[in-house]
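Please keep the sequence and the structure in view while reading.

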Amino acid sequence: MTPEYRINDNLRVFFRYAHGFRSGGFNTGLSSNLAQLTTVDPEQLDAYELGLKSEWFDHRLTVNANLFYYDYQDIQVNLLTVNSGVLTTALTNGAKGKVKGAELEIEASPPTTCTCARRCRSWTPSTPTSRTSTPPPAR
């Protein structure tokens with residue numbers, strides 16, 4: 001659920017927080033017995049979003065914008081490794097990471113029979129905040 005506040009009939013603002021995870025697991029393709037199994041920790045995400053939605057001129061102009069920030073812990077990444085001379089992919093935990101960005105969406109429908117015009121822009125730089133990726137042991 002995302003709470004939103006209606007400023008007037010044309011403009012609403014909203015805030016959203018979500019916590020998510022991707023479960024951990026085992027890399028069975030790299031092992032020939034149970035003692036060689038490597039594990040992957042769960043990935044955690046805290047996501048924040050602040051935005052506005054608006055309709056103007058009898059719903060002929062829509063302007064939406066938002067800012068977002070994602071904070072990852074134990075990001076799961078696929079790692080290429082050589083296992084007994086064979087190139088293999090293995091899931092492993094990578095760095096912590098933060099993603100922040102902004103989006104702007106403008107859609108206009110002229111009162112004539114012209115087609116609708118829509119423009120969107122996004123800005124999403126992302127940076128790992130640590131690089132502690134540990135590859136699974138080669139077998």
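## Contacts and overall fold

In the protein, 57% of the contacts with a separation of 6 or more are made by residues 24 or more positions apart. The model is predicted, and the arrangement described here is read from its computed coordinates.

The protein contains zero helices and eleven strands. Read from the N terminus on, its elements follow the order β-β-β-β-β-β-β-β-β-β-β.

## Confidence in the model

The average pLDDT of the protein is 82, and 81% of the residues score at least 70. Among the elements, β5 has the highest mean pLDDT, at 95, whereas strand β11 (residues 126-128) has the lowest, at 63. Where pLDDT is low, the predicted coordinates should not be read in detail.

## Surface and interior

Of the 139 residues of the protein, 25% count as buried. The protein exposes about 9600 Å², and 57% of this area is supplied by carbon and sulfur atoms.

## The aromatic cluster

How many aromatic pairs does the structure hold? It holds three, and two of them are described here. A pair of aromatic rings is described by the distance of the centres and the angle of the planes. For Y17 and Y48, the ring centres are 5.1 Å apart and the planes stand at 45 degrees; the pair is therefore tilted, since only planes under 30 degrees apart count as stacked and only those over 60 as edge-to-face. Y17 belongs to strand β2 (residues 11-22) and Y48 to strand β5 (residues 43-56), so this pair ties together parts that are 31 residues apart in sequence. Y17 is partly exposed, with a relative accessible area of 41%, and Y48 is also partly exposed, with 34%.

Y48 also pairs with Y69: their ring centres lie 6.1 Å apart and their planes meet at 35 degrees, so this pair is tilted as well. Here too, distant parts of the chain are linked, because Y48 lies in strand β5 and Y69 in strand β6 (residues 61-73), 21 residues apart. Y69 has a relative accessibility of 30% and counts as partly exposed. Together, Y17, Y48 and Y69 form one aromatic cluster.

In which sense do strands β7 and β8 pair? Strand β7 (residues 76-83) and strand β8 (residues 86-93) pair in the antiparallel sense, over eight bridges.

## Positive phi in two loops

Where is H59 found? H59 is located in the loop between β5 and β6. Although H59 is not a glycine, its phi is positive, at about 65 degrees. H59 is exposed, with a relative accessible area of 57%, a value that exceeds the cut-off for exposed residues, which is over 50%.

D74 lies in the loop between β6 and β7. Its phi is near 55 degrees, a positive value in a residue other than glycine. Is D74 exposed or partly exposed? At 33% relative accessibility, D74 counts as partly exposed.

How values were computed:
Residues are numbered from 1 along each chain as its sequence is written. This is a predicted model: local features need pLDDT of at least 70, side-chain atom pairs count only at pLDDT 80 or more; totals for chains, interfaces and linings use all residues. Side-chain values use heavy atoms; hydrogens and water are left out. Rings of Phe, Tyr and Trp (its six-membered ring) pair if their centres lie within 6.5 Å; planes under 30 degrees apart count as stacked, over 60 as edge-to-face and the rest as tilted. Helices (H or I, at least four residues) and strands (E, at least two) are DSSP runs, numbered from the N terminus. Buried means under 20% relative accessible area, exposed over 50%, partly exposed in between (1.4 Å probe, protein chains only). Two strands pair if DSSP finds at least two bridges between them. pLDDT is the predictor's confidence in each residue, from 0 to 100. Contact means heavy atoms within 4.5 Å. Accessible areas come from the Shrake-Rupley method with a 1.4 Å probe; for residues, only the protein chains shown count as cover.
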